[in-house]
Amino acid sequence: MNTPNANYDQTWKEALEDYLEPFMAFFFPEVHNLIDWSRGYESLDKELQQITPTATSGEREADKLFKVWQKNGEEAYILIHIEVQSQEESQFPERMYIYHYRSFDIHKKVISLAILGDDRPSWRPNSYSYELGGSSIRFEFPIAKLLDYESQWETLKTSLNPLAFLVMAHLKTQASTGNAEEREQYKWELVQNLSERGYTEKDIIKLFRLLDWMMTLPESLQQSFDTKLKNYQEERKMPILSNIERRALETGRQEGLKNGRDMVLAVLNKRFNPVPAEVIDRINQISDYETLQQLLERGMSIGSLAEFEEVLASIMTDN
């Protein structure tokens, strides 16, 4: 059974919004100690768009920029990048440098940090430098490699820092790439661990949402997982999610499906406008994330609308 693509970027992006302080304490304690957390922090998404515009490598979905206050009362800015695939490893250090100096142009006091969530143990870029004609520059940035935490698994299982749980989810999602049944098993083990580690109810609900978002499953496995989750909650009388929250998650799934359908139709309209009503109706009937992803990829590259209709008809027949 095929496994849908994991949603790493958006999951990490949302986790950073909710858990910046524990994130810094977990990965970068020295930086954490510089900050006066009693004053809170401010997410600067609009300014980030100016610093990290869409480029040939694609949109940097997991980048986040935050305004914080140092313990000495001065402002500082934290630029965080989550790199999952290491697809363009040769450009990564340069990209970190470019984003840093663009942010420096605006804010001056900038801390650039990188989380390396790829599956290559030896890939650990932490600097960028060049020299030409006697002029040189060297830029260094702290990194955290998620693979390093595999050796700390037992500690992660009992940590109250919510980032420990998210690291576990990331590593198990990565380990089950291409194996949906294995991912479902890991996901279930993580749900049980989540309910036992002493988090507040609020954190349990948030972290389950992130887990559910990252560890994507085919629709058939997701439905059986949801049934098992419901029974688990009833047996333990310690609900991970209330009925309201379960309905909210289902609403989120439906919204995700709608967004997926809208993206497919937007691509088709841009390339083959107008799109026949019959094709629109067929796409709007699809309720599987993986299928929509396949259609989106085909829609961006296929030669004609007629060819796309053949692909769509084949998919609808198989389903």
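Entry 1, confidence. I noted that this is a predicted model with a mean pLDDT (the predictor's confidence in each residue, from 0 to 100) of 84, and that 87% of its residues reach 70 or more. Over residues 55–60 pLDDT stays under 50, and there the model has 7 contacts (heavy atoms within 4.5 Å) beyond four places in sequence.

Conventions. Local features need pLDDT of at least 70 and side-chain atom pairs count only at pLDDT 80 or more, whereas totals for chains, interfaces and linings use all residues. Residues are numbered from 1 along each chain as its sequence is written, and side-chain values use heavy atoms, with hydrogens and water left out.

I took a nonpolar core as a set of buried Ala, Val, Leu, Ile, Met, Phe, Trp, Tyr and Cys residues joined through side-chain atoms within 4.5 Å, buried being under 20% relative accessible area with a 1.4 Å probe, protein chains only. The largest one holds 55 residues, of which Trp12, Phe23, Met24, Phe27, Phe28, Ile80 and Val167 touch the most other members.

I found α8 (residues 180–196) and α9 (residues 201–214) packed at about 170 degrees with axes 11 Å apart, the axes being lines fitted to C-alpha atoms over the stretch in contact and the angles running from 0 to 180 degrees between N-to-C directions. That makes α8 roughly antiparallel to α9, a term for angles over 145 degrees. Lys187, Leu190, Val191 and Leu194 in α8 meet Ile204, Leu207, Phe208, Leu211 and Asp212 in α9.

Key: Buried means under 20% relative accessible area, exposed over 50%, partly exposed in between (1.4 Å probe, protein chains only). Helices (H or I, at least four residues) and strands (E, at least two) are DSSP runs, numbered from the N terminus. Angles under 35 degrees count as roughly parallel, over 145 as roughly antiparallel, 65 to 115 as roughly perpendicular and the rest as oblique.
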